Amino acid sequence: MVYAIHEHFFPDVEKKLKRVAKKCEKYGNGFTFEVKGEEIQERTCENGMKEYNKFILIDVEGTAKINDWECIAVLEINSAGNIVRKINTEIDIPKRFWNSDNICEHCGSKRYRTNLYVIHNTVTDEWKQVGGSCLKLYTGGLNMEYVAAFMDGITELEELVGVVGNGKHYYDVRTILKFATEIISKTGYFSSDSPLPTKNMVAWLMFKDFSRAIEGMNKDLESRNFDVRFSGKDFYRPETEATVDAIIQYYKSLEDDGEFIHNVQVMLESGYVSSKSFGFLSYLPEGYAKYVQKEAEKAERAKQRKEEKSEHFGVVGKRYKDVEIKAVNLIASWENQYGYTYVYKIVIADNFVLTWKTSNGLFLENDEEFDKITFSVKAHSEYNGQKQTEVTRCKVGVKKI
(Lines give C-alpha, C1' and ligand atoms only; values in the text may rest on other atoms or scores of the structure.)
Protein backbone atom coordinates (compact mmCIF):
# COMPACT_ATOMS: atom_id res chain seq x y z
CA MET A 1 0.00 0.00 0.00
CA VAL A 2 1.36 3.44 -0.95
CA TYR A 3 0.76 6.36 1.41
CA ALA A 4 1.37 10.06 0.72
CA ILE A 5 2.86 11.60 3.89
CA HIS A 6 3.52 15.31 4.21
CA GLU A 7 7.25 15.83 4.67
CA HIS A 8 6.56 17.68 7.94
CA PHE A 9 5.37 14.40 9.48
CA PHE A 10 7.76 12.09 7.68
CA PRO A 11 10.63 12.03 10.28
CA ASP A 12 8.20 10.91 13.04
CA VAL A 13 6.56 8.35 10.76
CA GLU A 14 9.93 6.95 9.78
CA LYS A 15 10.93 6.56 13.46
CA LYS A 16 7.76 4.59 14.15
CA LEU A 17 8.32 2.34 11.16
CA LYS A 18 11.88 1.69 12.31
CA ARG A 19 10.62 0.67 15.76
CA VAL A 20 8.18 -1.72 14.10
CA ALA A 21 11.00 -3.10 11.95
CA LYS A 22 13.14 -3.86 15.02
CA LYS A 23 10.31 -5.77 16.64
CA CYS A 24 9.68 -7.67 13.44
CA GLU A 25 13.36 -8.57 13.19
CA LYS A 26 13.41 -9.73 16.82
CA TYR A 27 10.59 -12.19 16.18
CA GLY A 28 11.88 -13.41 12.84
CA ASN A 29 9.24 -11.75 10.72
CA GLY A 30 9.44 -8.58 8.78
CA PHE A 31 7.83 -6.02 6.58
CA THR A 32 9.10 -3.59 3.99
CA PHE A 33 8.71 0.15 3.91
CA GLU A 34 10.24 1.95 0.99
CA VAL A 35 10.16 5.55 -0.24
CA LYS A 36 8.83 5.42 -3.79
CA GLY A 37 9.19 9.09 -4.60
CA GLU A 38 7.54 12.42 -3.89
CA GLU A 39 4.79 14.61 -5.24
CA ILE A 40 3.82 18.25 -4.98
CA GLN A 41 0.20 19.06 -4.17
CA GLU A 42 -1.33 22.49 -4.81
CA ARG A 43 -3.52 24.28 -2.29
CA THR A 44 -5.24 27.68 -2.48
CA CYS A 45 -4.70 29.72 0.68
CA GLU A 46 -7.16 32.15 2.27
CA ASN A 47 -5.35 35.09 0.63
CA GLY A 48 -5.92 33.55 -2.81
CA MET A 49 -2.26 32.66 -3.35
CA LYS A 50 -1.22 29.19 -4.46
CA GLU A 51 0.76 27.14 -1.93
CA TYR A 52 2.62 23.95 -2.77
CA ASN A 53 3.30 21.13 -0.31
CA LYS A 54 5.62 18.17 -0.74
CA PHE A 55 4.38 14.68 0.12
CA ILE A 56 6.61 11.61 0.45
CA LEU A 57 5.23 8.43 -1.10
CA ILE A 58 5.86 5.41 1.15
CA ASP A 59 5.18 1.83 0.07
CA VAL A 60 4.47 -0.31 3.16
CA GLU A 61 4.15 -4.01 2.46
CA GLY A 62 4.52 -5.50 5.91
CA THR A 63 11.92 -6.92 6.12
CA ALA A 64 13.50 -3.65 6.96
CA LYS A 65 16.75 -3.09 5.24
CA ILE A 66 18.01 -2.04 7.91
CA ASN A 67 38.66 14.17 14.63
CA ASP A 68 39.82 15.43 11.46
CA TRP A 69 36.53 16.00 9.84
CA GLU A 70 34.67 19.25 9.28
CA CYS A 71 31.20 19.91 7.93
CA ILE A 72 31.45 21.93 4.72
CA ALA A 73 27.92 22.14 3.34
CA VAL A 74 24.33 21.03 3.64
CA LEU A 75 22.72 19.41 0.61
CA GLU A 76 19.04 20.19 0.26
CA ILE A 77 17.80 17.10 -1.57
CA ASN A 78 15.67 17.80 -4.63
CA SER A 79 14.50 15.51 -7.42
CA ALA A 80 16.06 17.87 -10.00
CA GLY A 81 19.43 17.93 -8.20
CA ASN A 82 20.87 18.93 -4.82
CA ILE A 83 20.85 22.56 -3.71
CA VAL A 84 24.18 23.35 -2.02
CA ARG A 85 24.12 25.56 1.06
CA LYS A 86 27.66 26.29 2.23
CA ILE A 87 28.73 26.31 5.87
CA ASN A 88 32.39 26.89 5.02
CA THR A 89 32.43 29.28 2.05
CA GLU A 90 36.22 29.18 1.65
CA ILE A 91 36.37 25.70 0.12
CA ASP A 92 34.70 24.27 -3.00
CA ILE A 93 32.98 20.92 -2.74
CA PRO A 94 33.40 18.26 -5.46
CA LYS A 95 30.78 18.56 -8.19
CA ARG A 96 29.66 14.95 -7.66
CA PHE A 97 27.60 16.14 -4.68
CA TRP A 98 25.50 18.39 -6.91
CA ASN A 99 23.53 15.41 -8.21
CA SER A 100 24.42 12.61 -5.77
CA ASP A 101 21.86 10.02 -4.64
CA ASN A 102 20.10 10.34 -1.30
CA ILE A 103 22.44 7.90 0.46
CA CYS A 104 24.63 8.13 3.56
CA GLU A 105 28.18 7.18 2.61
CA HIS A 106 28.98 6.15 6.21
CA CYS A 107 26.26 3.60 6.96
CA GLY A 108 25.20 3.00 3.37
CA SER A 109 21.50 3.63 4.05
CA LYS A 110 19.52 4.94 1.10
CA ARG A 111 16.24 6.52 2.17
CA TYR A 112 14.32 9.77 2.05
CA ARG A 113 16.13 12.64 3.74
CA THR A 114 15.46 16.34 3.44
CA ASN A 115 19.16 17.06 3.96
CA LEU A 116 22.53 15.38 3.68
CA TYR A 117 25.77 16.79 5.06
CA VAL A 118 29.04 17.09 3.12
CA ILE A 119 32.08 16.48 5.32
CA HIS A 120 35.78 16.79 4.53
CA ASN A 121 38.83 15.22 6.15
CA THR A 122 41.44 17.95 6.51
CA VAL A 123 44.26 15.38 6.73
CA THR A 124 43.42 12.84 4.02
CA ASP A 125 41.35 15.20 1.82
CA GLU A 126 38.56 12.59 1.79
CA TRP A 127 35.00 13.72 1.10
CA LYS A 128 31.73 12.09 2.19
CA GLN A 129 28.04 12.84 2.36
CA VAL A 130 26.34 11.56 5.51
CA GLY A 131 22.95 11.61 7.16
CA GLY A 132 22.15 13.57 10.30
CA SER A 133 22.66 10.63 12.68
CA CYS A 134 26.00 9.61 11.22
CA LEU A 135 27.17 13.22 11.16
CA LYS A 136 27.48 13.06 14.96
CA LEU A 137 30.11 10.33 14.58
CA TYR A 138 32.31 12.75 12.71
CA THR A 139 31.61 16.11 14.41
CA GLY A 140 31.84 16.12 18.07
CA GLY A 141 8.61 -7.89 10.69
CA LEU A 142 4.79 -8.47 11.73
CA ASN A 143 2.51 -10.82 14.11
CA MET A 144 0.65 -10.69 18.03
CA GLU A 145 3.00 -7.97 19.32
CA TYR A 146 4.39 -6.81 16.03
CA VAL A 147 1.04 -7.10 14.24
CA ALA A 148 -0.44 -4.71 16.79
CA ALA A 149 2.49 -2.35 16.30
CA PHE A 150 2.12 -2.61 12.54
CA MET A 151 -1.61 -1.85 12.68
CA ASP A 152 -0.94 1.19 14.87
CA GLY A 153 1.61 2.36 12.35
CA ILE A 154 -0.72 1.85 9.40
CA THR A 155 -3.55 3.68 11.18
CA GLU A 156 -1.27 6.66 11.72
CA LEU A 157 -0.21 6.58 8.08
CA GLU A 158 -3.82 6.55 6.92
CA GLU A 159 -4.67 9.46 9.19
CA LEU A 160 -1.81 11.51 7.80
CA VAL A 161 -2.51 10.96 4.10
CA GLY A 162 -3.12 14.30 2.42
CA VAL A 163 -2.70 16.28 5.65
CA VAL A 164 -0.86 19.60 5.32
CA GLY A 165 1.53 20.19 8.20
CA ASN A 166 2.84 23.36 9.76
CA GLY A 167 6.34 22.70 8.48
CA LYS A 168 8.02 23.54 5.17
CA HIS A 169 5.86 24.87 2.34
CA TYR A 170 6.85 25.27 -1.29
CA TYR A 171 6.25 28.21 -3.59
CA ASP A 172 5.96 28.62 -7.34
CA VAL A 173 9.20 29.74 -9.00
CA ARG A 174 7.45 31.74 -11.74
CA THR A 175 5.42 33.72 -9.20
CA ILE A 176 8.56 34.61 -7.21
CA LEU A 177 10.34 35.72 -10.40
CA LYS A 178 7.33 37.72 -11.52
CA PHE A 179 7.05 39.57 -8.20
CA ALA A 180 10.82 40.21 -8.08
CA THR A 181 10.85 41.49 -11.67
CA GLU A 182 8.12 44.05 -10.99
CA ILE A 183 9.63 45.18 -7.69
CA ILE A 184 13.11 45.65 -9.18
CA SER A 185 11.69 47.52 -12.19
CA LYS A 186 10.39 50.22 -9.82
CA THR A 187 12.78 50.24 -6.85
CA GLY A 188 15.96 48.68 -8.22
CA TYR A 189 17.57 45.63 -6.64
CA PHE A 190 18.55 45.58 -2.95
CA SER A 191 20.67 42.83 -1.40
CA SER A 192 20.13 41.11 1.95
CA ASP A 193 22.28 43.59 3.88
CA SER A 194 20.23 46.64 2.80
CA PRO A 195 17.46 48.16 4.97
CA LEU A 196 14.75 46.90 2.59
CA PRO A 197 15.96 43.75 0.77
CA THR A 198 14.19 42.80 -2.44
CA LYS A 199 13.70 39.23 -1.18
CA ASN A 200 11.77 40.56 1.85
CA MET A 201 9.31 42.44 -0.36
CA VAL A 202 8.84 39.30 -2.44
CA ALA A 203 8.23 37.30 0.75
CA TRP A 204 5.53 39.72 1.89
CA LEU A 205 3.61 39.15 -1.33
CA MET A 206 4.03 35.36 -1.09
CA PHE A 207 3.14 34.96 2.59
CA LYS A 208 0.54 37.60 3.42
CA ASP A 209 -2.88 38.62 2.24
CA PHE A 210 -2.05 40.18 -1.13
CA SER A 211 -3.76 43.57 -0.75
CA ARG A 212 -2.48 44.02 2.81
CA ALA A 213 1.03 43.04 1.73
CA ILE A 214 1.00 45.74 -0.97
CA GLU A 215 -0.35 48.29 1.50
CA GLY A 216 2.39 47.43 4.02
CA MET A 217 5.06 47.51 1.34
CA ASN A 218 3.95 50.96 0.15
CA LYS A 219 4.07 52.30 3.72
CA ASP A 220 7.57 50.96 4.19
CA LEU A 221 8.68 52.47 0.87
CA GLU A 222 7.19 55.82 1.86
CA SER A 223 8.94 55.74 5.25
CA ARG A 224 12.24 55.19 3.43
CA ASN A 225 11.61 58.11 1.02
CA PHE A 226 10.99 56.05 -2.14
CA ASP A 227 8.82 57.88 -4.71
CA VAL A 228 7.31 54.60 -6.06
CA ARG A 229 4.11 52.87 -4.99
CA PHE A 230 2.59 49.55 -6.05
CA SER A 231 -0.92 48.41 -6.88
CA GLY A 232 -2.22 44.87 -7.38
CA LYS A 233 -2.36 45.18 -11.16
CA ASP A 234 1.38 45.91 -11.30
CA PHE A 235 2.08 42.25 -10.58
CA TYR A 236 -0.10 40.79 -13.30
CA ARG A 237 1.05 42.56 -16.44
CA PRO A 238 1.19 40.25 -19.51
CA GLU A 239 4.57 41.62 -20.62
CA THR A 240 6.10 40.44 -17.34
CA GLU A 241 5.37 36.83 -18.28
CA ALA A 242 7.59 37.22 -21.37
CA THR A 243 10.36 38.69 -19.21
CA VAL A 244 10.13 35.77 -16.79
CA ASP A 245 10.33 33.34 -19.74
CA ALA A 246 13.50 35.11 -20.92
CA ILE A 247 15.04 35.04 -17.42
CA ILE A 248 14.41 31.30 -17.07
CA GLN A 249 15.72 30.56 -20.56
CA TYR A 250 18.87 32.61 -19.91
CA TYR A 251 19.80 30.91 -16.64
CA LYS A 252 19.01 27.43 -17.96
CA SER A 253 21.35 28.09 -20.91
CA LEU A 254 24.36 28.87 -18.71
CA GLU A 255 27.06 26.28 -18.06
CA ASP A 256 26.70 25.07 -14.46
CA ASP A 257 30.37 25.52 -13.58
CA GLY A 258 29.66 27.14 -10.23
CA GLU A 259 27.44 26.41 -7.22
CA PHE A 260 25.24 29.49 -7.68
CA ILE A 261 24.30 28.60 -11.27
CA HIS A 262 23.89 24.93 -10.34
CA ASN A 263 21.54 25.82 -7.46
CA VAL A 264 19.53 28.18 -9.65
CA GLN A 265 19.16 25.62 -12.43
CA VAL A 266 17.94 23.01 -9.92
CA MET A 267 15.32 25.46 -8.63
CA LEU A 268 14.15 26.39 -12.13
CA GLU A 269 13.94 22.74 -13.18
CA SER A 270 11.98 21.82 -10.06
CA GLY A 271 9.52 24.70 -10.42
CA TYR A 272 8.96 24.90 -6.66
CA VAL A 273 11.20 26.11 -3.82
CA SER A 274 11.06 26.66 -0.08
CA SER A 275 11.25 30.16 1.37
CA LYS A 276 15.01 29.63 1.95
CA SER A 277 15.50 30.10 -1.80
CA PHE A 278 13.73 33.47 -2.12
CA GLY A 279 17.10 35.27 -2.02
CA PHE A 280 18.49 33.22 -4.92
CA LEU A 281 15.45 33.78 -7.12
CA SER A 282 14.88 37.43 -6.21
CA TYR A 283 18.32 38.27 -7.64
CA LEU A 284 17.72 36.60 -11.03
CA PRO A 285 15.87 39.53 -12.70
CA GLU A 286 18.76 41.82 -11.71
CA GLY A 287 21.36 39.37 -13.03
CA TYR A 288 19.44 39.00 -16.28
CA ALA A 289 19.11 42.78 -16.65
CA LYS A 290 22.89 43.12 -16.29
CA TYR A 291 23.35 40.48 -18.98
CA VAL A 292 20.96 42.31 -21.33
CA GLN A 293 22.78 45.61 -20.69
CA LYS A 294 26.17 44.03 -21.39
CA GLU A 295 24.85 42.50 -24.62
CA ALA A 296 23.46 45.88 -25.70
CA GLU A 297 26.80 47.56 -24.92
CA LYS A 298 28.64 44.81 -26.82
CA ALA A 299 26.34 45.32 -29.81
CA GLU A 300 26.86 49.07 -29.66
CA ARG A 301 30.65 48.62 -29.55
CA ALA A 302 30.48 46.23 -32.51
CA LYS A 303 28.41 48.80 -34.39
CA GLN A 304 30.93 51.52 -33.56
CA ARG A 305 33.85 49.34 -34.67
CA LYS A 306 32.09 48.68 -37.95
CA GLU A 307 31.64 52.40 -38.50
CA GLU A 308 35.12 53.40 -37.32
CA LYS A 309 37.49 54.44 -40.09
CA SER A 310 40.71 52.44 -40.27
CA GLU A 311 42.83 55.38 -41.40
CA HIS A 312 45.33 57.59 -39.65
CA PHE A 313 44.21 61.10 -38.76
CA GLY A 314 46.27 64.22 -39.30
CA VAL A 315 50.02 64.81 -39.23
CA VAL A 316 52.32 63.64 -36.45
CA GLY A 317 53.36 66.62 -34.31
CA LYS A 318 50.54 68.87 -35.47
CA ARG A 319 47.90 70.28 -33.07
CA TYR A 320 44.16 70.20 -33.87
CA LYS A 321 41.56 72.31 -32.10
CA ASP A 322 37.86 71.80 -31.30
CA VAL A 323 37.33 68.54 -33.19
CA GLU A 324 33.83 67.05 -32.68
CA ILE A 325 33.64 63.97 -30.41
CA LYS A 326 31.27 61.14 -31.40
CA ALA A 327 32.12 58.58 -28.67
CA VAL A 328 34.49 58.08 -25.72
CA ASN A 329 35.30 54.63 -24.30
CA LEU A 330 37.63 53.70 -21.44
CA ILE A 331 39.47 50.62 -22.73
CA ALA A 332 42.02 50.08 -19.91
CA SER A 333 43.14 51.45 -16.55
CA TRP A 334 45.66 50.47 -13.89
CA GLU A 335 47.15 51.76 -10.67
CA ASN A 336 50.80 52.84 -10.52
CA GLN A 337 53.10 54.48 -7.99
CA TYR A 338 51.87 57.94 -8.98
CA GLY A 339 48.13 57.19 -9.09
CA TYR A 340 46.15 55.76 -12.03
CA THR A 341 46.70 55.50 -15.76
CA TYR A 342 43.71 55.52 -18.13
CA VAL A 343 43.61 54.60 -21.81
CA TYR A 344 40.71 56.05 -23.83
CA LYS A 345 39.50 55.36 -27.34
CA ILE A 346 37.92 58.49 -28.78
CA VAL A 347 35.95 58.47 -32.02
CA ILE A 348 35.87 61.88 -33.67
CA ALA A 349 34.17 63.39 -36.72
CA ASP A 350 34.27 61.24 -39.87
CA ASN A 351 34.79 58.18 -37.57
CA PHE A 352 38.55 58.51 -37.12
CA VAL A 353 39.86 56.72 -33.99
CA LEU A 354 42.15 58.43 -31.46
CA THR A 355 43.83 56.73 -28.49
CA TRP A 356 44.87 58.74 -25.45
CA LYS A 357 46.89 57.54 -22.43
CA THR A 358 46.50 59.89 -19.47
CA SER A 359 46.63 60.12 -15.68
CA ASN A 360 43.48 62.28 -15.72
CA GLY A 361 40.23 60.33 -15.84
CA LEU A 362 37.25 61.60 -17.85
CA PHE A 363 34.10 61.80 -15.72
CA LEU A 364 30.63 63.12 -16.57
CA GLU A 365 27.66 64.23 -14.51
CA ASN A 366 24.21 62.85 -15.40
CA ASP A 367 23.27 65.91 -17.45
CA GLU A 368 26.55 66.19 -19.38
CA GLU A 369 28.10 64.75 -22.52
CA PHE A 370 31.46 65.11 -24.27
CA ASP A 371 31.59 67.92 -26.81
CA LYS A 372 34.89 68.70 -28.59
CA ILE A 373 38.53 67.80 -28.17
CA THR A 374 41.78 69.69 -28.76
CA PHE A 375 44.88 67.51 -29.12
CA SER A 376 48.31 66.97 -30.65
CA VAL A 377 49.04 63.92 -32.81
CA LYS A 378 51.74 61.87 -31.07
CA ALA A 379 52.06 58.85 -33.41
CA HIS A 380 50.31 56.73 -36.02
CA SER A 381 49.89 53.08 -34.96
CA GLU A 382 47.86 49.94 -35.61
CA TYR A 383 45.97 47.61 -33.23
CA ASN A 384 44.23 44.36 -34.21
CA GLY A 385 44.47 45.34 -37.85
CA GLN A 386 42.90 48.76 -37.30
CA LYS A 387 44.83 51.99 -37.79
CA GLN A 388 44.77 54.35 -34.84
CA THR A 389 46.09 57.79 -34.06
CA GLU A 390 47.83 58.26 -30.71
CA VAL A 391 47.26 61.72 -29.25
CA THR A 392 48.61 63.77 -26.33
CA ARG A 393 48.10 67.15 -24.57
CA CYS A 394 44.33 66.73 -24.83
CA LYS A 395 41.66 69.11 -23.65
CA VAL A 396 38.17 67.56 -23.67
CA GLY A 397 35.15 69.81 -23.70
CA VAL A 398 31.89 68.98 -21.88
CA LYS A 399 28.43 70.41 -22.52
CA LYS A 400 25.10 70.31 -20.70
CA ILE A 401 22.25 68.35 -22.30
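**Reading a pocket and a helix pair**

Mentor: Let us begin with the second largest pocket, to whose lining strand 14 gives the most, with 5 residues. Please keep in mind that this is a predicted model.

Trainee: What is the volume of the second largest pocket, and how many residues line the pocket?

Mentor: Its volume is about 550 Å³. The lining comprises 22 residues, and those nearest the centre of the pocket are Ile331, Val343, Lys345, Thr355 and Gln388.

Trainee: Which elements give two or more residues to the lining of this second largest pocket?

Mentor: They are helix 9 (278-307) together with strand 10 (319-336), strand 11 (339-348), strand 12 (353-358), strand 13 (368-383) and strand 14 (386-400). By class, the lining residues are 6 nonpolar, 8 polar and 8 charged.

Trainee: At what angle do helix 4 and helix 5 pack?

Mentor: Helix 4 (residues 173-187) and helix 5 (residues 198-207) pack at about 130°, and their axes are 9 Å apart. Angles over 145 degrees count as roughly antiparallel and 65 to 115 as roughly perpendicular, so helix 4 is oblique to helix 5. The crossing of helix 4 past helix 5 is right-handed.

Trainee: Which residues make the contact between helix 4 and helix 5?

Mentor: Helix 4 contributes Thr175, Ile176, Phe179, Ala180, Ile183, Ile184 and Thr187, while helix 5 contributes Thr198, Met201, Val202, Leu205 and Met206. This contact of helix 4 with helix 5 has 9 nonpolar and 3 polar residues, with no charged residues.

How values were computed
Residues numbered from 1 in each chain as written. Predicted model: local features only at pLDDT ≥ 70, side-chain atom pairs only at ≥ 80, totals over all residues. Heavy atoms only, no water. Axes fitted to C-alpha atoms, helices over the stretch in contact; angles between N-to-C directions. Helix = DSSP H or I, 4+ residues; strand = E, 2+ residues; numbered from the N terminus. Parallel < 35°, antiparallel > 145°, perpendicular 65-115°, else oblique. Left-handed = near helix turned anticlockwise from the far one by under 90°. Contact = heavy atoms within 4.5 Å. Nonpolar A, V, L, I, M, F, W, Y, C, P; charged D, E, K, R; others polar. 1 Å grid on protein atoms, 1.4 Å probe; cavity = no way out; pocket = protein on both sides within 12 Å on 5 of 7 lines; lining within 4 Å. Points joined across faces, edges and corners; volume = space filled by probe spheres on them.
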